Amino acid sequence: MVDFGDLKGSWAMVAGASEGLGAAFSDRLAARGMNLLLIARRETLLHEAAERLTSAHDVEVRCLAQDLAAPNLAEVFSEATADLDIGMLVYNAAFVPTGPFFDTSNDDLRQLMQVNALGLVETVKTIVPCMVERGRGGLILVSSMAGLQGFPGLAGYSATKAFIINLGEALWYELRSQGVDAMAFIAGAMPTPGYTKVFKDLAPGAMSAEYAAEAGLRALGKGPRFIPGFMNNLVAATTMRLLPRKRLIPLLARTMRNLNS
């Protein structure tokens with residue numbers, strides 16, 4: 001388990017921090033005494049989040065309005081963190097196009113890959129080496145239950161979330177001997193603004209973003225992946241172990257239709 005006492009006073013960088021799960025991670029990190037660098041596209045929401053955090057916790061908060069699909073992302077983040085002791089990185093940002101894969105525009109698929117995969121890789125490659133140099137730090141890569149298998153109607157999204165799970169698990173092993181704890185955080189349904197834009201109804205096992213973020217921080221350092229919530233773990237174990245893929249995937253397609261009906 002990560003010693004947040006050792007990280008108190010250092011900086012946590014949260015990508016996708018303006019609302020939902022990213023905002024919840026920011027609040028829980030600030031409660032542990034970490035200063036915050038908040039990253040998201042919408043500057044107004046970022047500053048509103050910063051005001052809430054500074055009034056609730058005695059920490060410093062900086063905001064950086066940044067498109068995570070930008071081609072100069074590594075350069076921007078290198079400059080923004082040059083004077084900061086980054087002790088924690090949470091990559092929560094995601095783009096979620098819905099509908100049949102072949103009905104999704106190439107522009108949306110390009111945005112999907114840039115934000116969910118390439119932006120994540122560039123961010124990790126830019127920020128984590130400084131943690132390794134200091135011999136301490138934490139890395140949480142936020143994935144989704146949709147990444148545990150192919151998900152009709154969310155084909156591209158589920159593919160990028162599978163990439164995040166595998167990367168997080170591999171980095172857990174590669175970094176742990178260097179003092180950095182990494183984890184793939186596999187989120188389930190939460191009534192966040194991003195979720196409610198995609199689905200009309202909540203899936204079974206839905207929980208608050210605050211609960212999930214707190215549970216995730218407590219789990220960091222205990223293993224390569226973490227799924228918050230008893231129901232989500234039960235669903236993951238049951239579907240992955242008991243249902244053949246040829247039955248599971250049509251079931252997910254029906255679930256997708258039901259959540260949007």
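This report walks through the sheet, some charged pairs and a nonpolar surface patch of a predicted model.

## How to read the numbers

The model is predicted, so local features need pLDDT of at least 70 and side-chain atom pairs count only at pLDDT 80 or more, while totals for chains, interfaces and linings use all residues. Residues are numbered from 1 along each chain as its sequence is written, and side-chain values use heavy atoms, with hydrogens and water left out.

## The sheet

Let's begin with the sheet. It is open, has 7 strands in the order 3-2-1-4-5-6-7, and its pairing is parallel. Strands here are DSSP runs of E with at least two residues, and helices are runs of H or I with at least four, both numbered from the N terminus. Two strands count as paired if DSSP finds at least two bridges between them. Strand 3 and strand 7 (225-226) are the edge strands, each pairing on one side only.

Strand 4 (residues 86-91) pairs with strand 5 in the parallel sense over 4 bridges. Along this pairing, Val90 stands opposite Ile140 in strand 5, and Tyr91 stands opposite Leu141.

## Strand 5, covered on both faces

How many of the residues in strand 5 (residues 137-144) are buried? The count is 8 of 8, where buried means under 20% relative accessible area, exposed means over 50%, and partly exposed lies in between (1.4 Å probe, protein chains only). On one side sit Gly137, Leu139, Leu141 and Ser143, and on the other Gly138, Ile140, Val142 and Ser144, so that both faces are covered.

Arg136 belongs to the loop between helix 5 (106-134) and strand 5. The side chain of Arg136 makes a polar contact of 2.4 Å with the side chain of Asp85. A polar contact is a pair of N or O atoms within 3.5 Å; within protein, one must be able to donate a hydrogen and the other to accept it, and residues adjacent in sequence count only if both atoms are side-chain atoms.

Leaving out residues up to four places away in sequence, Arg136 touches Asp6, Leu7, Ser10, Asp85, Met131, Gln178, Gly179 and Val180; contact means heavy atoms within 4.5 Å. From Arg136 to Ala237 there are 101 residues in sequence and 32 Å in space, C-alpha to C-alpha.

## Salt bridges

The whole structure holds 11 salt bridges, each defined as a side-chain nitrogen of Lys or Arg within 4 Å of a carboxyl oxygen of Asp or Glu. One of them joins the side chains of Glu19 and Arg42 (2.9 Å, N to O). This pair links distant parts of the chain: Glu19 is in the loop between strand 1 (11-15) and helix 2 (20-31), and Arg42, 23 residues apart from it, is in the loop between strand 2 (35-40) and helix 3 (43-56). Glu19 is partly exposed because its relative accessible area is 23%, and Arg42 is also partly exposed, at 35%.

A second example brings together Arg62 and Asp83 (3.2 Å, N to O). Arg62 lies in strand 3 (residues 61-65) and Asp83 in the loop between helix 4 (73-80) and strand 4, so this pair ties together parts that are 21 residues apart in sequence. With a relative accessible area of 29%, Arg62 is partly exposed, whereas Asp83 counts as exposed at 54%.

## A charged network around Glu214

Salt bridges link Asp27, Arg28, Arg32, Glu214 and Arg218 in a network. Within this group, the side chains of Asp27 and Arg28 meet in a salt bridge of 2.8 Å, N to O. Asp27 is partly exposed at 23%, and Arg28 is partly exposed at 23%.

Is Glu214 buried or exposed? Glu214 counts as buried because its relative accessibility is 16%. It sits in helix 8 (residues 209-219), and the side chains of Glu214 and Arg218 are joined by a polar contact of 2.9 Å. Setting aside neighbours within four places in sequence, Glu214 is in contact with Arg28 and Arg32.

## A nonpolar patch

Phe230, Met231, Leu234 and Val235 make a nonpolar surface patch of about 380 Å². Patches are made of residues with over 30% relative accessible area and no salt bridge, with like charges joined within 9 Å and nonpolar side chains (Val, Leu, Ile, Met, Phe, Trp, Tyr) within 5 Å. Accessible areas come from the Shrake-Rupley method with a 1.4 Å probe, and for residues only the protein chains shown count as cover. Val235 lies in helix 9 (residues 230-242) and is partly exposed, at 32% relative accessibility.
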